[in-house]
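Biologist: I'm new to this one. Can you put it on screen and walk me through it?

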Amino acid sequence: MCVFCKGDLKPSTTTYTVNINDNIIIIKNVPCEECQQCGEQYFSTEVIKRLEKLVNQVKNTLSEVTIVDYNKQVA
């Protein structure tokens, strides 16, 4: 249940974007739960840990924009 509007959540995927020192990391196909009513997205603890790991792996090799596919990265 969505904490904002109390709508129902459904499994989905999203694109996660983070800005580090004016460099943008885009991670596609990130699994999430999405509210059917308001669109708010929720990540599991496992997904958050993997996102942190992916960001840490690529932040030292950043170009202005880096695009990563969540499903194609080594865990």
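**A first look**

Modeller: Going along the sequence, the protein chain runs β-β-β-α-β, which comes to one helix and four strands. Helices (H or I, at least four residues) and strands (E, at least two) are DSSP runs, numbered from the N terminus. This is a predicted model, where local features need pLDDT of at least 70 and side-chain atom pairs count only at pLDDT 80 or more, while totals for chains, interfaces and linings use all residues. Residues are numbered from 1 along each chain as its sequence is written, and side-chain values use heavy atoms, with hydrogens and water left out.

Biologist: OK, what does the C-alpha trace span along its principal axes?

Modeller: About 40 × 25 × 15 Å for the protein chain.

Biologist: And how much of the chain counts as buried?

Modeller: Of its 75 residues, 27% do. Buried means under 20% relative accessible area, exposed over 50%, and partly exposed in between (1.4 Å probe, protein chains only).

Biologist: Let's go to the helix. Which residues of α1 are buried?

Modeller: V47, R50, L51, L54, V55 and V58. They cover an arc of only 135 degrees around the axis, so they sit on the same side of α1. That arc is taken from the directions from the helix axis to the C-beta atoms.

Biologist: What's on the face turned away from that side?

Modeller: The exposed residues T45, E46 and K49 are carried there.

Biologist: Then what covers the buried residues of α1?

Modeller: The cover includes β1 (9–20), β2 (23–35) and β4 (65–69).

Biologist: Switching topic: how many aromatic pairs does a search of the whole structure find?

Modeller: One. The ring centres of Y16 and F43 are 6.0 Å apart and their planes are at 90 degrees, so the pair is edge-to-face. For the cut-offs, rings of Phe, Tyr and Trp (its six-membered ring) pair if their centres lie within 6.5 Å; planes under 30 degrees apart count as stacked, over 60 as edge-to-face and the rest as tilted.

Biologist: Where do Y16 and F43 lie?

Modeller: Y16 is in strand β1 and F43 in the loop between β3 (41–42) and α1, so the pair ties together parts 27 residues apart in sequence. Y16 is partly exposed at 28% relative accessible area, and F43 is partly exposed too, at 26%.

Biologist: Last one: what sits over the ring of Y70?

Modeller: The charged end of R50, 4.2 Å from the ring centre. A charge sits over a ring if NZ of Lys or CZ of Arg is within 6 Å of the ring centre and within 35 degrees of the ring normal.

Definitions and conventions. Contact = heavy atoms within 4.5 Å.
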